[in-house]
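Please walk through this structure with me, one site at a time. Keep the model open as you read.

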Amino acid sequence: MPARATYAAAVMPAPRAAMRLEQLPLPALDPGGALLHVTYSEVCGTDVHLHHGRLSGVPYPIIPGHVSVGTIAALPAPLNDVEGVPYREGDVVTFLDVHGSCGRCYQCLVTKQTTRCPSRRVYGISYGVRDGLAGGWAQAIWLKPGTHLVRLPAELAPETFIGGGCGLVTAVHAVERAEVRVGMTVAVLGAGPVGQSAVALSALSGAVRIFAIGDPASRLEFAKRMGATDVIGLDVPPNERAELVRRATGGHGVDAVIEAAGAPDAVSQALDLVRDGGRVVIAGQYTDTGDVLIHPHWQINRKHVEIRGCWGSDYSHVHRAVQIAARFGERIPWREMIGGRFALADAGKALEAVERREVTKAVIVP
Ligand SMILES: [Zn+2]
Ligand SMILES: [Zn+2]
């Protein structure tokens with residue numbers, strides 16, 4: 001599978017502009033990087049936000065596609081995985097979509113919040129066409145030197161990993177932040193890709209009661225297959241949802257709430273669902289969708305509650321997501337989350353399908 005002179009890519013020229021196909025030249029293959037021939041690249045809510053111009057610092061035109069799976073087509077210099085095993089041409093891999101965390105700044109070195117490093121760039125989001133083949137909605141992606149690759153084990157079908165995709169990676173981080181442990185009760189707000197995987201990972205962590213709260217009904221049905229013990233639709237008024245959860249937990253509320261809904265209201269709801277002294281993780285407020293009224297006395301101080309944000313992912317979350325998908329991919333239907341497969345030329349249709357919520361997840365098959 002030799003590298004070719006040019007590769008087709010689906011380009012998002014500007015917010016709200018129609019997608020177009022372009023041919024991009026093979027970049028300079030600098031030692032330390034890797035050229036992937038893309039097998040799948042996902043289409044998620046972030047791509048819809050990109051198309052609406054709702055993320056800051058995006059250097060349009062861009063090739064979207066952050067979480068992707070591909071086959072190594074060229075390795076200009078030897079490259080090892082974290083175990084020291086060399087990558088080879090033909091290996092099926094994914095990668096941490098974040099590149100360039102500096103290791104020298106206040107966030108990287110002092111507070112160890114590498115996901116807040118100001119130097120970090122994200123393939124398909126903050127790298128643009130002027131950076132070359134730097135997004136997954138293309139026949140190939142050039143992973144610059146310093147990109148962290150992860151090999152997919154032989155038993156892990158690429159469809160399973162990409163079905164989980166960035167939602168699975170984010171959920172690994174959110175469930176880690178929530179410190180979900182065996183025997184706990186959990187509520188997950190939002191039934192999109194992050195919420196679905198947060199339900200599955202809570203179940204794998206040993207949570208005994210998992211409430212999935214969201215819509216539409218089809219996604220709640222799917223959440224049951226991911227491990228939810230109880231589902232509540234958004235047609236139930238918020239105070240009744242809280243009452244249902246309290247009644248099912250001896251009047252207490254749940255030990256942990258993972259917010260993966262995106263609506264500001266969900267944060268207030270999370271504080272109503274959590275028990276006294278419980279933990280709330282906010283993972284869904286990825287874009288600015290406004291503010292919400294919180295009652296600090298009743299909802300936070302008096303409840304002695306702990307609130308944690310969850311921003312971005314680091315290598316550990318992708319690494320663990322791959323191992324989890326490999327181990328549990330037969331039991332948990334990640335691959336069925338893919339509701340549509342689209343060619344590069346149909347990337348615009350894929351965006352529409354995700355935006356209209358016709359599918360939970362779409363993938364581009366270049
Ligand atoms: Zn840094
Ligand atoms: Zn995504």
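Start with tyrosine 123: at 0% relative accessibility, this residue counts as buried. Buried means under 20% relative accessible area, exposed means over 50%, and partly exposed lies in between (1.4 Å probe, protein chains only). This is a predicted model, where local features need pLDDT of at least 70 and side-chain atom pairs count only at pLDDT 80 or more, while totals for chains, interfaces and linings use all residues. Residues are numbered from 1 along each chain as its sequence is written, chains are lettered from A and ligands numbered from 1 in the order in which they are written, and side-chain values use heavy atoms, with hydrogens and water left out.

Which residue pairs with tyrosine 123? The partner is tyrosine 127. The two rings sit 5.3 Å apart, centre to centre, with 50° between the planes, and the pair is tilted. Rings of Phe, Tyr and Trp (its six-membered ring) pair if their centres lie within 6.5 Å; planes under 30 degrees apart count as stacked, over 60 as edge-to-face and the rest as tilted. Tyrosine 127 is buried too, with a relative accessible area of 6%.

Now turn to the metals. Cys102, Cys105, Cys108 and Cys117 each give an SG atom to the zinc ion (ligand 1), at 2.3 to 2.4 Å. Donors are N, O and S atoms within 2.8 Å of the metal (3.2 Å for Na, K and Ca); water is not among the atoms, so sites may look incomplete. Along the chain, the donors of ligand 1 follow the spacing C-x2-C-x2-C-x8-C. Why does the arrangement around this zinc ion count as tetrahedral? The 4 donor atoms subtend angles of 103 to 119°. Four donors count as tetrahedral if all angles lie between 85 and 135 degrees. The ideal angle for four tetrahedral donors is 109.5 degrees. Cysteine 105 is buried, at a relative accessible area of 17%.

The zinc ion (ligand 2) has Cys44 (SG), His66 (NE2) and Cys166 (SG) as donors, at 2.0 to 2.2 Å. Their spacing is C-x21-H-x99-C. Cysteine 44 lies in the loop between β3 and α1 (45-51), and histidine 66 in the loop between α1 and β4 (68-74), so the pair links distant parts of the chain, 22 residues apart. Helices (H or I, at least four residues) and strands (E, at least two) are DSSP runs, numbered from the N terminus. Cysteine 44 and histidine 66 are both buried.

Two strands pair if DSSP finds at least two bridges between them. Serine 41 stands opposite isoleucine 364 in β17. Strand β16 (residues 338-342) runs parallel to β17, with 4 bridges. Here glycine 340 stands opposite alanine 362. From β16 the chain crosses through helix α10 (residues 347-355) to β17, a right-handed β-α-β crossover. Right-handed means that, with the strands pointing away from the viewer, the path from the first strand over the helix to the second runs clockwise. A salt bridge is a side-chain nitrogen of Lys or Arg within 4 Å of a carboxyl oxygen of Asp or Glu. By this rule there are 20. Aspartate 255 meets arginine 275 at 2.5 Å, N to O. Aspartate 255 lies in strand β13 (residues 254-259) and arginine 275 in strand β14 (residues 274-282), so the bridge ties together parts that are 20 residues apart in sequence. Aspartate 255 counts as buried at 18% relative accessibility, whereas arginine 275 is partly exposed at 28%.

Glutamate 243 and arginine 247 form another salt bridge, with the closest N and O atoms 3.9 Å apart. Both lie in helix α6 (residues 238-248), 4 residues apart, about one turn of the helix. Arginine 247 is exposed, with a relative accessible area of 60%. Elsewhere, Glu179, Arg181, Arg279, Glu306 and Arg308 are linked in a network of salt bridges.

Finish at helix α7 (residues 265-273). Of its 9 residues, 7 are buried, among them Val267, Gln269 and Leu271.

Terms used: Four donors count as tetrahedral if all angles lie between 85 and 135 degrees; four count as square planar and six as octahedral if opposite donors are over 155 degrees apart and all others between 65 and 115; anything else is irregular.
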